[in-house]
Structure formats: structure tokens, C-alpha cells
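Please consider the structure shown below together with its sequence.

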Amino acid sequence: MNISTEMLHIRVDDREAHPSVTPIYQCSAFSADSAFFYSRKSNPNVTELEQVVAALENSEYALAYATGMSAIYMVLELLKPGGSLVINKYIYGCSYKLFQRYAKRIGAQLTILDLTTEDGLNKLPPEVDMVIFETPTNPFLKDIDIHDVSEAVKKINPQALVVVDNTWATPLFQKPLMFGADISLYSATKYFSGHSDVMGGLVLVNDHELYNRLLEGRFYSGSILTPHSAWLLRRSMQTFSLRMEKHSSTTAVMLSYLQSLPFIEHVYFPNIDGKQLVGYGGIVFVDIRSDLVDHYKVFTSALKWFGTGTGMACVTSMVAQPFSGSHASMSDQEKAEMGIGKGLVRLCFGLEDLEDLKEDLLQAFQTMESRVGIESVLDPA
Ligand SMILES: Cc1ncc(COP(=O)(O)O)c(C=O)c1O
């Protein structure tokens, strides 16, 4: 026997190890007598994460994907060529672009409706196959009644799929499947991760056949989450409700604080009706005063505790301009149709001390205002 052969077969026998947390199963394949098969199909770390999220949402099944976008993509694969896809008018910029590209490629009819209004709901096409929307929406945090949409869609076509991107509400505060949606999906990169260090997507369903179709699609596309990312996400989920509590309580105070600031024209906050949406996390939008818009960069540079960039829903606070960030892939005309101008700012409150965040926002707004030569009307104390 050559040592180079033996070296390849050395394994620690971990059957008696009983680790206090599940180790990372960083393996592509499992032996023939294992309950698992190949990590492109499933993996213990992925399965554990799926079980955690399914329990949170109270769903029968969960599937984890490499990113939120890959989760959405794999759901789109359920649409038949030449089918009819309806999306809500207010939606994440990359999702919007994906729907446009995908529909064009498979010859599907793409209909963009404002499902936040009764008028929009009345315009559902008679051949509808799939309806996708976020609630609260990105941007503007408008709410859509999941039950009303599901009822209207199923009346037209009982086989049509209602898909809710529940990323911003989270399963703690909204459970779309309970209100008639067929699919609830997430960018796990946001609140599930919460630490800006891992990407992922989750799709939740109750229907067994739908689950099997998605499972098959994931297996053949190779879009499953990696074991390491699943492990990181599973670890993050242990502090998920605690983090959400803190995001929520900070946002609740910030809402009236922001409304009191003279630099802000409007604060967007979702409708927590206590029925469909029973709470909310840490992301709001504001319209800054029109004379301040050109000085947005002064504001972000002056902020001490708010990071810039596309990250959000994490432990640290973030500021972003949808026009140049989350919706940058859309044309200026498409952005204008959605109502996105340069004065729209997204604020994500992290887990920092509330007073520190208030103070930071105030001084940054004042710095920005000083650039337009207007005296600040507030006492920094
Ligand atoms: C509502 C929503 N859905 C989906 C995505 C895409 O998720 P990911 O970035 O994990 O691919 C995002 C990303 O910002 C989002 O905000």
C-alpha cells in the first residue's frame, strides 16, 4: 500500500462526536447507504435551514437557493412558454428586469398592473398563469391584499400561481401561504442573514406536486445553496427574531422622528393591519426636500453610522438611493413610471443605539442643508 492511497481514505470517525451544532457538510456526494445523495440535490446543512424556515412560515416545504434572484428565476421556470405573467408595478429593480427578459425569451405575455388598487386587480388578463408581487412593495412599502389577489386570480384560472416575494415582511410578520398564495419566497441575503456576509434564497410551498417540480428544477439547474452558506444562514436564524424585534422597535420611534424633521417631505411606512401584516422590520423610504436632492452625497458622506451600497436589513444601518442602487438597472423612463426620483432615499435601521442613529441623521441632514446655504432650523441638542 502506498501512503498516497491511504492518505486519500483517512477520515475521522465522527459518529460518536455529537457536536453541539451541525458541522458543515462540505461534501459534494454521499455514500450509497446515505439518506442523502448529491449536494446538488440536497445536503444536511441545506435541509436543516429549510426545516427552520418552513417551521417559521408554517409551510409544508421549503427549498433553498444560491441567491434570492435564483429563487425567483426557478419559480419563473414554472411558467409555460407563451404563458401570461402579471407583476405588480412597484417591485425590486432586478426582479423587474428579470421578468421583462424572461417573458421576452419564452414568448410570455407580461402585464404590469398596480395591484395596490382595485382598478389594477380588475385588469387581470383572462389568460393569467402567474402573478408575482411584493408586499410591502420595494419601493414605497405599499400593501397588497394577498387574499383578494389570490381570490381574483383563482376565479379566472384555478391553476394560476400566486407568488409573493415576502423578503421585506419576513415570515415573522406575514405568512403569504395563509392568505391563499401558492408560493412565498425570500432573498435570504437580507434579514435571514442579517450580517451582510452570505447570499441565499428560499421558496416555500404547501403543495406536494409544486414542491416536486421546484425540486426537480433545482436539481437540474444546480441552483441550490452551498453547504457553507446554508450553515451561515442557519446560524443567523438563531438570532432572527431578536434582531427583528430591535429593527422594529427602532423603526417605530424613527417614524415619528423622521416625520418631525424639516429636511424630509414624506416618510413611507407600511400599513400594519394586524391581520395580514402583524409587524414590520427596519426599512423605510423618505422623500428628501427637493432643494436638498442635489446634495445627497454630502448627506451620505456626513453619516457616521449608516453605510452606503446595496446591503440592507443587516446589523448595521444603511442608506441608499433606489434611483442609482436597487433600481439602477431600469431605464430613467421606467423609473419615472414607478415614481422613483433622485430624492427618494431608503433608510435601513440596524441594531445600533437608537439615540446614536437619531443624532447621526440629524447632523448629516444639517451638513447637507448647510451646503444649500439655508440655516438649520433645529437645535442639534
Ligand atoms: C424584495 C427583494 N427580492 C429579491 C431580491 C434579490 O435577492 P438577492 O440579492 O439575494 O439575489 C432583493 C434584493 O435586494 C429584494 O430586495
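Around the ligand, the shell comprises 4 nonpolar, 9 polar and 2 charged residues. Here Ala, Val, Leu, Ile, Met, Phe, Trp, Tyr, Cys and Pro count as nonpolar, Asp, Glu, Lys and Arg as charged, and the others, Gly among them, as polar. Of these 15 residues, Thr67, Gly68, Met69, Ser187 and Thr189 come nearest to the ligand; a residue is near a molecule or strand if its C-beta atom, placed from the backbone, lies within 6 Å of it. The model is predicted: local features need pLDDT of at least 70, side-chain atom pairs count only at pLDDT 80 or more, and totals for chains, interfaces and linings use all residues. Residues are numbered from 1 along each chain as its sequence is written.

The chain is divided into domain 1 (44–237) and domain 2 (240–371), with bounds that come from an automatic or database domain assignment. Their C-alpha centres lie 25 Å apart. Across the boundary, 30 residues of domain 1 are in contact with 31 residues of domain 2, contact being defined as C-beta atoms, placed from the backbone, within 7 Å. On the side of domain 1 that touches domain 2, helix 4, helix 7 (170–173) and helix 9 (227–237) are the elements that give two or more residues. Helix 4 gives the most, with 4 residues. By class, the residues of this side of domain 1 divide into 17 nonpolar, 8 polar and 5 charged. Helices (H or I, at least four residues) and strands (E, at least two) are DSSP runs, numbered from the N terminus.

Gly68 also belongs to helix 3, where Gly68, Ser70, Ala71, Ile72, Met74, Val75 and Leu76 are buried. A residue is buried if 20 or more other C-beta atoms lie within 10 Å of its own, exposed if 12 or fewer, and partly exposed in between, with C-beta atoms placed from the backbone. Because 7 of the 9 residues of helix 3 (residues 68–76) are buried, this helix is largely enclosed by the rest of the structure. Its cover includes strand 1 (61–65), helix 4 (93–106), strand 5 (161–165) and helix 8 (208–221).

Elsewhere, an open sheet of 5 strands has the order 8-9-12-11-10, with mixed pairing; strands pair if DSSP finds at least two bridges between them. Strand 8 (264–268) and strand 10 (307–308) stand at the edges, each with a single partner strand, so one side of each lacks a neighbour in the sheet. Strand 8 pairs with strand 9 (residues 283–288) in the antiparallel sense over 4 bridges, and Val267 stands opposite Val286 in strand 9.

Conventions: Contact = placed C-beta atoms within 7 Å.
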